[in-house]
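Here is a short report on a protein model. Look at the sequence and the structure first, then read on.

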Amino acid sequence: MTLIHLAILLPVIAAIGIGVLYRYYRRIHLGWFVLPVPLLIVIYLFTLIPRVMNGQVIYETMQFMPRIGMNFDVYIDGLGLLFAILISGIGALVVLYSIGYLSTKENLGNFYVYLLMFMTAMLGIVLNDNVVMLYLFWELTSISSFLLIAFWNTRDRSLYGALKSMIITMFGGFLMLGGFITLYLITDTFSIRGMIDALPMIQESPLTPFAIVLILFGAFTKSAQFPFYIWLPDAMEAPTPVSAYLHSATMVKAGIYLVARFTPLFAFSNLWVWTILIVGLFTMTWASFNAIRKDDLKAVLAFSTVSQLGLIMSLLGLGALSLATGANDELFTVAVVAAVFHTINHATFKGALFMITGIVDHETGTRSMKRLGGLLTIMPISFTMTVITALSMAGLPPFNGFLSKELFLEAMITVLNADFGAMASVDFLIPLVAIVGSIFTFIYSILIIYGIFFGERTHNTPKEPHEAPALMLISPAILSLLVIVFGLFPNILSATIIDPAAMSIMASDAPLGTHLAMWHGFANPALWATIAIVIIGSVMFYFKDKWMFIYDYHKEAFTLNYLYDQGLMYSRIGSQKITDGYMTGYIRNYLVYIFGFFILMGLITLMNTGLHMDFSNFASVGIQEVILSLIVLIATAVILITRSRMVAIIMLGSIGFSMALFFVFFRAPDLALTQLAIETVTTALFLVCFYHLPKKSRHEERMRFKFTNFIISLGVGVLAIVIGLSAFSNRLFEPISEFHIENVYDLAAGGNMVNVILVDFRGFDTLFETFVFAIAGIGIYGLMKLKLKRKDEDNEEHAEESRI
Amino acid sequence: MELITIIISGILIGSSVYLMLSKSLIRIIIGTALLSHGVHLMLLTMGELKRGNVPVLDPEVSNYTDPLPQAMILTAIVIAFALTAFILVLALRMYKEIGTDNVEEMKGVPHDD
């Protein structure tokens, strides 16, 4: 347990204290007590920057479950530190913002406990070296995200969204665990660094594609890539601070982190590289295309988040490509730097945009762009911040989004110069798709600004709009300021954070010496691409009404949501149908399953083992035994075919007495005695019951049932005979009763061996047999005497009670 | 002789299965009684039949029938009896309470095929 472990676990420890505090002290908003936690962590993490800058890594281990290799191994390099600072830094701003956003009437205790739990989980993911431990924290983010989305748990939409995100991210999480275990099978270690050391084993192993696919499932579900992005728009039912924190800045980047972290392991593989690149690019374009038609501000931002995550993912794919093909090494380095830089930028501007949306929602009462408009003069501060952040998102100068977008376009266009062998003929698609996606990004960014602040005042909002209180404006203001600062002075980031992170993604020790600048000169193709994007985007935005009809072709039935809902519904209906199909409630059907299974298993066993029968060892047959056997057979046949219950009972008695005679012939006097006595009592009992039983004793079966019954009983009977014969023919050991016979007098002082076995050698059987007898007696007494459920009884309440 | 008893016990077991699959509760109980007979006979057969004298110590005899299966069957007979008696009374009580001995009607909804 070192300081860094404590820092990761601090939010959860604080959560305990917060919960107790909230119980007894409510005068001050709970958020103020939460705020120091992320602040402390972010300050501590800042002190680590110089060490990481100089290429040092911090590695601390804490034994958790050493026997299975699951230890809390903290490992801090550039990549982990970048994410940890984002998490704790934006966490602090979100806590500050939530103090203004959530009123003290809400259940703040729950909110902050979930939020702190989430913070620990995220820090645990990004600062971990042990993949099993990483998985543990990974699922903790899913759980705390589920709790936060369903914070207003009386709303149906919240519950729906929470469940959806839970199902999808847990599905991916489980598959990811499978991927980790596969990696363990290959490399025999759970440590990520250990796996990187064992890289040759991964490159040679045939299991590697499985591991890649499974881990990508985890990353794509968490980071809302196509086709798993559907949970993110529905997660917007969460309180806005949660959306800002989880669903734009941190949790959805867990998948990005995972891909970046495993890039040194899998970058050699074409499967990994191309999957990430293609899925990322497609997600980016598809989501930005869909963002335009949404009216709800948060839905637009959700799709925008999906799109930007796709952008980062595709950049990571492109970066890994440099390792995979070795083509154009330097220029692909640009892709990794762009990915890291855009991760930071996206966290700043998207967090701010969500917070502004929350302010607009808070001050006007609606998030629908149909009802908003013309708020420019009423909310000037919010407007300023929206312009800064939305233009950064669109990729315009002088904001930080422009720089990373330039790097993105530059990297994508450079693909044309590289040689990918078979893919070379279609590689022009990559920059094309990227530019198309950027055009849509530009359009919806403008749409957000225009939809809220320009146009007619609708006067249609539930509340009279006015500027937000200062408390809510601080956090987005800080983020907007960062957008400008990172845009104008990008090099304060390049050496301190971006380079170490890019180096850990590329697993290289050589310093990159990245130098970011706003102006690259006219020779840079990305500049012309940006200009084209702005022009085309502006034209398309102006003639928006002319082409919006294409969204009408995108019917509800073709969306992935529809597929998900239908799939969920049909899996429920299907499983119900299957269960209803065999759980009929009729005892006969269950007996048919049981006996049918018995026959099946018997047949399989016989087929596999073969049959050995030995008829030489049988005893002689006497005439009286043959007659007795005939009696038994005839009586059995009569029971089966008779319609009279009386006849059946008498035949059963005759079989019982024949059994007693069998015992006589087979030299078992005690058995014969007992059988005689018991058969008499049984028959008497049947006869006593006889008068109370219904007049009609047989219910006619249908022919089909009769036939099935016949087949099954025939099968069971034949199987019993076969098993009996083969068991009789294959004796493996001498009987142990030699011991009983020899010692019956010496040890137990008795002559009747059966009795001595019953009460001496195996007396316990007899003891519990008498218990069975006693219990049966008590049960019968109870059945006869206790008559609680009587409808005509006076005490109705009592009768009701007994029915339960 | 063992061939005959094994076949008889097989027939008893098969018949008991047939009876247990029927609708009438009393036939199901008769089926369980038959099943116990079949199993007892099978148990006795497995201990080999007629291989010696009655298992009571006698200085003049050195060859006894196996006493162990007999002790086991004795236990089984008593338990089977206790069970049969209990089920029988249970069936009686059921009939008095719900007015039918048809197991398919005990579910409360009619058989649909």
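Chain B exposes about 4,000 Å² of surface. Carbon and sulfur atoms supply 65% of that area. Keep in mind that this is a predicted model.

How much of chain B is buried? Buried residues make up 63% of its 113 residues.

Charge comes next. Chain B carries 7 positive and 11 negative side chains. The centres of these two sets lie 7 Å apart.

**The fold of chain B**

Chain B has three helices and zero strands. Along the sequence, the pattern reads α-α-α. The radius of gyration is 19 Å, well over the 13 Å that the globule rule gives for 113 residues, so chain B is more spread out than a compact globule. The box filled by its C-alpha atoms points to the dimensions: roughly 65 × 25 × 10 Å, taken along the principal axes.

Take the contacts in chain B with a separation of 6 or more. Residues 24 or more positions apart account for 52% of them.

**Annotated spans**

What does the UniProt record list for chain B? An unreviewed entry gives "transmembrane region" for residues 6-21, 28-47 and 67-92. For chain A, an unreviewed UniProt entry places the feature "domain: NADH-Ubiquinone oxidoreductase (complex I) chain 5 N-terminal" at residues 70-112.

| Span | Helix | Strand | Distance between end C-alpha atoms |
|---|---|---|---|
| Residues 6-21 of chain B | 94% helix | 0% strand | 23 Å |
| Residues 28-47 of chain B | 95% helix | 0% strand | 29 Å |
| Residues 70-112 of chain A | 67% helix | 7% strand | 29 Å |

**One residue in chain A**

Where does Leu82(A) sit? Its place is in helix H4 of chain A, which covers residues 78-101.

Is Leu82(A) buried or exposed? Buried means under 20% relative accessible area. Leu82(A) has 4% relative accessibility, so it counts as buried.

Which residues does Leu82(A) touch, leaving aside its neighbours within four places in sequence? Leu82(A) is in contact with Val340(A), Ile344(A), Ile497(A) and Ala501(A).

Met753(A) gives a contrasting case. Met753(A) and Leu82(A) are 671 residues apart along the chain. Their C-alpha atoms are separated by 84 Å.

Note on methods: Residues are numbered from 1 along each chain as its sequence is written. Chains are lettered from A and ligands numbered from 1 in the order in which they are written. This is a predicted model: local features need pLDDT of at least 70, side-chain atom pairs count only at pLDDT 80 or more; totals for chains, interfaces and linings use all residues. Side-chain values use heavy atoms; hydrogens and water are left out. Helices (H or I, at least four residues) and strands (E, at least two) are DSSP runs, numbered from the N terminus. The radius of gyration is taken over C-alpha atoms; the globule rule is 2.2 Å times the number of residues to the power 0.38. Buried means under 20% relative accessible area, exposed over 50%, partly exposed in between (1.4 Å probe, protein chains only). Contact means heavy atoms within 4.5 Å. Accessible areas come from the Shrake-Rupley method with a 1.4 Å probe; for residues, only the protein chains shown count as cover. Lys and Arg count as positive and Asp and Glu as negative; His and the chain ends are not counted. The place of a charge is taken as NZ of Lys, CZ of Arg, CG of Asp or CD of Glu. UniProt positions are given in the numbering used here, feature names are shortened, and annotations may be inferred rather than shown by experiment.
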